[in-house]
Amino acid sequence: MVSMINKKYIKYLVIMFGMLVAALAFSILEILYLAEKDGNPARIISMLDYLVNAQNAIVTGINFYIFAVIIALGTILLTDNDYSYNTIIKYGRNKLYYRQIAKIILMALFFSSSFFLINLVISKGKSSVFYNWTEINSYLFYTKKYLVDINPYLLLILIWLQDFVYIVSAELLYLVLKWIFLRGKESVIIVVWLIFLVVERLTGRIIPVVNAATLHMDIVAQMFFIAVLLIGMKLLLLKRVINKRDF
């Protein structure tokens, strides 16, 4: 039995590693694709142009689905031993709830921060211009015909925060479904979870997306408000499900 569990964990870790490499590759491709358009003095591409493209791939591009697999498997690995009767007795329902929350926050911090730093370093190497979204010779003005005035350091925080919020929200959704369908097959739970996640994405404003377009439309604050509100609802639902779950 122990051997089977170890094989399961090893399999999940191998899949996660492969998915992380794929996700990083797609983000780098976003940077390289934009770099092909560089060289025209009338459309200077800044470091933040590269970084926004790479980071947005996690919440809007193919990396959304790749990261979904990483999130699901990571959450399983971190919390797989939390659903037994013995664990409930050992920690108590209330402590177990906070224990799971701490685990998923740490995982979200690790993935969002490491991915952000890698993309930041690569983006910095592609342009000597940090931020130029207020200048008419910027790539932004050349392509969008408008300017965006925002503190670039605040923009950096928001770019990182969008991915952190997405990961935490997705992890919470998985935990809620896992506790509800405790005796269900893991594969079925993941499929149901992915359907809910795709629906959230298709709504357009539940998962925050920070780029020039959303900043220009002034909807970034609204998206973060909705996302945080949804996270709060998931937290309350998770606590209720854990407290009411029979074994």
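1. Which helices each supply at least two residues of the lining of the largest cavity? They're helix 7 (152-180) and helix 10 (220-244), with helices taken as DSSP runs of H or I, at least four residues, numbered from the N terminus. Helix 7 gives the most, with 3 residues.

2. Before going on: this is a predicted model, where local features need pLDDT of at least 70, side-chain atom pairs count only at pLDDT 80 or more, and totals for chains, interfaces and linings use all residues. Residues are numbered from 1 along each chain as its sequence is written, and side-chain values use heavy atoms, with hydrogens and water left out.

3. There's 1 cavity of 30 Å³ or more here. On a 1 Å grid over the protein atoms alone, a cavity is a set of points where a 1.4 Å probe fits but cannot get out, whereas a pocket is an open set with protein on both sides within 12 Å along at least five of seven lines; lining residues have an atom within 4 Å of a point. The largest cavity holds about 40 Å³ of space, counted as what probe spheres set on the points fill.

4. Val165, Tyr166, Ser169, Glu200, Ile206, Ile207, Pro208, Ala227 and Leu230 line that cavity. By class they split into 7 nonpolar, 1 polar and 1 charged; Ala, Val, Leu, Ile, Met, Phe, Trp, Tyr, Cys and Pro count as nonpolar, Asp, Glu, Lys and Arg as charged, the others, Gly among them, as polar.

5. As for the largest pocket, about 280 Å³ of space lies in it. It has 13 lining residues, and Val52, Asn53, Tyr139, Lys144 and Ala212 are the closest to its centre. Helix 2 (47-59), helix 6 (139-144) and helix 9 (212-216) give two or more residues each to this lining.
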